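Thanks for coming, everyone. Let me put the structure up, and then we will walk through a few spots.

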Amino acid sequence: MASGALDGGLRPLQIAMKLANAAVELEAGERHKEAYCEYLRSINYISQTLLEDAVSKPDGEMVTMEVERMLRLAEQCLERVKSYAGRRSDIASSSLLWPRLPPRPQRRRAEKGGDVAPKTSPRPAPGHRRVLSDGSPVGDGVAAPFLPPEIFHKLQEAESYDAKKELTPIEEASRLNQKLKATYEARLARLPPGQATQKTSLTLSLQRQMMENLIIAKARQDALHRKMEERRLRLQEEANRRFAGSGLITPEEQEQRLLYANVLEYEQDHDWPKLWKAKMKKDPGDAALVAGLIAYLLSCPDHPVMKLLKRLQYRIYNRLYPISETSFDGVSRDLNANEEDPAPASEAPPSPRPRDGSFEDLERYLATPDLSPAPGPAPGPDDDARLLSLEERALREHLRTIVKDVHNAVDRLLSLCLLSFECLNTASAKDVCLASIEEAFFAPLWRPLLALFRKVHRDREQAFEAGVRLYRDAAPGDVGVAPKLFPSDPAALQGSYPYEAAVLELQQLSRDTCPQKKLECIVRTLRLICVCAEEYRTLQDPDAPPSTAAIGADDLLPILSFVALRSALPQLVSECAALEEFIHEGYLIGEEGYCLTSMQSALSYVESLGGGAPHR
Amino acid sequence: MAAGGAGGGNKTYSFKVVLLGEGCVGKTSLVLRYCENKFNDKHITTLQASFLTKKLNIAGRRVNLAIWDTAGQERFHALGPIYYRDSNGAILVYDITDEDSFQKVKNWVKELRKMLGNEICLCIVGNKIDLEKERHVSVQEAEEYAESVGAKHYHTSAKLNKGIEELFLDLCKRMMETAQADEKAKGNGASQSGAARRGVQIVDDEPQAATVAGGGCCSSG
C-alpha cells in the first residue's frame, strides 16, 4: 500500500474500488438497475484511468501490481454486468419471483483482488436465507412469495458454487485449443495474400495439434476416472467394513454406507477434517473448538453432510411448495399494520400454481374454495362443508408427514455428522451439533413450513384475531391482571403502556428462522414480564420483601395474555404450534418448555375471547 | 440441556412436577417456601415463582426437580393437559378452610389419571393448617379420598413452614421408585423414556376414579 505512484488524494485503485464497492452494495440492496450502471461506471473509470496513464507517462511509471489489480477489478465488474445481461432476459421470460441475482462468488474473489467486499464473512452470504427469512410481518409487512422449487434448488447450488474448482483435463485442453486457434487466426491474418500453401500447412498443423491435445486430454481424463472409481470402490469397501455385522442391510444402512464412503472420499481430497480431528483430540473438552469445527463444517458446501442437508432441504421444500405457495401468509396480516381495514382478509390474489406439483391430489383439494370459487355449477352448502373438511383432513395429514420428514431429516443429518466426526459424539458436543444443524436446516424452510401450519390452524388464528379486535385496547385489569401488577395511573409510564418491553420482545419472534432461537425469544418475553411485574409492584408497595411477592402462574398467565393481545400477531398461534413439533423433548421439561406451554395457554385464552373453541 | 425423563445407571434423575390448585390456596407460597428455604433467593429463577428448579441428593442419587406452577383460574384450563403431560408428579393443593378448593382438587385428580394413567405420583396437600380453627375439610375425608385414588395426603402450612420439606422429599422418593420400576420393566430402554412418553397418553377412566366420582364426596356446598 506504500506505492503512491499516482498522486492527488486517492489513488485510482482506491477510487475504482470505491465505485465497485458502491455497486456491490447496490446489488445487495436489490437495486439492480443502479448496480448494473455502477458496475459499468467502474469499468469505464478503470479503462479511462489506465488509458490516460499509459498515454501520458513513460513506461514503468505505474506500478505493475496496481495495473493488474485494476484490471482484475474491471474483470469482476464485467462479470457482474454480464450476469445482469443474462438475467434480464431470463427474468423477462420466466417470472418475477426471483428478486435477486444468483451466485455472488465475485464477492469472495473481489476480496482477494482488492478488499472490495466487506470483510465480515469469508464465505458467500447465503442468498436464499435473506430472501426467505425476512417473513417478518413486524418488519416490512410484505411477505415475499415462495420461490418455485427449481429456483430454490438453483439457489442451493449457487451457494455451493466453488470458485476455485479445478478444470478437468478436457476442459483444460479445450481452453488450450481455443488459444491455439486464436494464434492461428492472428497468423493467418498476417499472411500476405496468395500464400495458399502456407495457409494450408498452418491449418493442418492447427488441426493436428488440436486433435492431439484432445486425445491426450481424453486419455488423462479416462485414467483419472478410473483412478477415482477405484478409489471410490476402495472407500466404499472401507465404509462397508465399518458397518459390517448384520447380514441383511436395510436401505437406510445402505444409504449410510454410501454416505460414509462419500465422507471418506471427501477427506482424501481435503485436509481440514484431519486437522480439526487432530485439534479435537488434543483438547476434547473444548467447547469453543466444537463450535469452531461445526461452523467450519457448515461453511463447506461440498462436504457430504452439507450436500445431504441441501438434498433433504430441497425434498421438504418441494413437498411444501404446492401448499405453501397458495399461502395464507400474505392473507392474514399484522393487525397493527391494517388498522383501517377491518374486512376479513382473504382476497389476496392467488398466485399461479405450477402444474408439475408433486402433490396432485392435494392440489386438487387445494384449489381452495376460499381463494377461488370452483368453476362449474356452484356447490351446495353441504358439498362445501364436505370439501372443506376433506381439505382440512388432507392438510393435517400432509402436515403430519412433513413434520415426520423434518424430524427424520434432522436425525439423518446429525448421525452423518457424528459419523464424519466421531469426536463430536459427546453429550454436549452433540447438542451444539444439533443446534447448528437445525439452524442451517430450518433457515430456508421455516417460512414455507409456517405457511402450512397457518393453513392448518387458520380457524385458531381467526379466533385470535377476533379476540385482538375486541380487546386490543383493554387495560391489564380487563383481562384479569392483578391490580398490584400494573400501574394504576397510566401516566406513570410516560406514553408507553404496561409490559410494553415484553410485547416488543414477543413481536420479534417471527424474525428468527430456527426453532431454538424462537424459543429463546419466548423465554425472554416471559422474563421481561417478570421484570416489569416486579417493577410495577415495588412502584406501588415499596416496602414488600421481594420474595413473598414473586409472581406465580396465577399472575403470570393473565399478564401473558395481555402481552399476547397487545402483540396482535395471529401467526403466534401457528408459530407456537410449529415450535411444539420441532423442539426437542429434552427442552420441554425445563424453563423453555414451561415458557412455551404458558405462551400456548395464553394464546388459547385470547382465542377463546374471540369465540374460538378450545382446540384440545 | 436436560435429558428428559429419568436416566439409568448413575445418571441424574430429572423430574417434572406440576403444581395445581385454585387461586387462593397458597400454592405459590408453598413452592417458594420450599425453594428458598434451604437455598437463597437466587434460586428463584428469572421466572420467579412460576417455574422453579431444585437440585436434591437422595440416597446418593442426584435429582433435578422442575416445578411447574399452573394457573388456578378456570379460563386457563383449556390447555391444562399440555402443562401436565410428561409429568412425573403432581402436587394438588387445597385450602383446608375452603371446601370448594378441595372439590377442585378432585376434578384435577380425575383429569390427571385420565391423561397420565398411574404413572404419575399424586400428592394431595391441605395447606394453611395454621388456620386449623377455620377448617372446613375434614382430615378423615381428605385422607380417605387420597387413599381411594392412590394419592398421598399431606398437611402443610406455608406460613409456618410446616410439612413442606417432607412433602417434597416423599414425592421425590416415590418418583424415583416409579422411575426405577419403569427402567426395570423397559430393560435397557431407560434412555428412551423421554421420547416414549412424548405426547399425551389417553387411557380409559380408571375404575377407582369412577367409584370416587360415584360416592367419594359427602357434602356439597
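First, a term: buried means under 20% relative accessible area, exposed means over 50%, and partly exposed is in between, with a 1.4 Å probe and protein chains only. This is a predicted model, where local features need pLDDT of at least 70, side-chain atom pairs count only at pLDDT 80 or more, and totals for chains, interfaces and linings use all residues. Residues are numbered from 1 along each chain as its sequence is written, chains are lettered from A and ligands numbered from 1 in the order in which they are written, and side-chain values use heavy atoms, with hydrogens and water left out.

Now, salt bridges. Side chains of opposite charge can pair when their charged atoms come close. The rule here asks for a side-chain nitrogen of Lys or Arg within 4 Å of a carboxyl oxygen of Asp or Glu. That gives 28 salt bridges over all chains.

Take K274(A). Its salt bridge partner is D271(A), with the closest N and O atoms 3.4 Å apart. K274(A) is partly exposed, at 49% relative accessibility.

Next, K277(A) and E267(A). Their side chains form a salt bridge at 3.1 Å, N to O. K277(A) lies in helix α10 of chain A and E267(A) in helix α9 of chain A, so the pair ties together parts 10 residues apart in sequence. Helices here are DSSP runs (H or I, at least four residues), strands are E runs of at least two, and both are numbered from the N terminus. Which of the two is buried? E267(A) is, with a relative accessible area of 13%. K277(A) is partly exposed at 28%.

Between those helices, in the loop from α9 (251-269) to α10 (272-282) of chain A, sits H270(A). H270(A) is partly exposed, at 27%.

Over to chain B. K152(B) and D170(B) form a salt bridge, closest N and O atoms 3.8 Å apart. K152(B) is in strand β6 (residues 152-155) and D170(B) in helix α5 (residues 164-186), 18 residues apart.

Last stop: helix packing. In chain A, helix α16 (residues 446-456) and helix α21 (residues 571-582) pack at about 110°, axes 9 Å apart. Axes are lines fitted to C-alpha atoms, for helices over the stretch in contact, and angles run from 0 to 180 degrees between N-to-C directions. What does that angle make α16(A) and α21(A)? They are therefore roughly perpendicular, the word for 65 to 115 degrees, while under 35 is roughly parallel, over 145 roughly antiparallel and the rest oblique.
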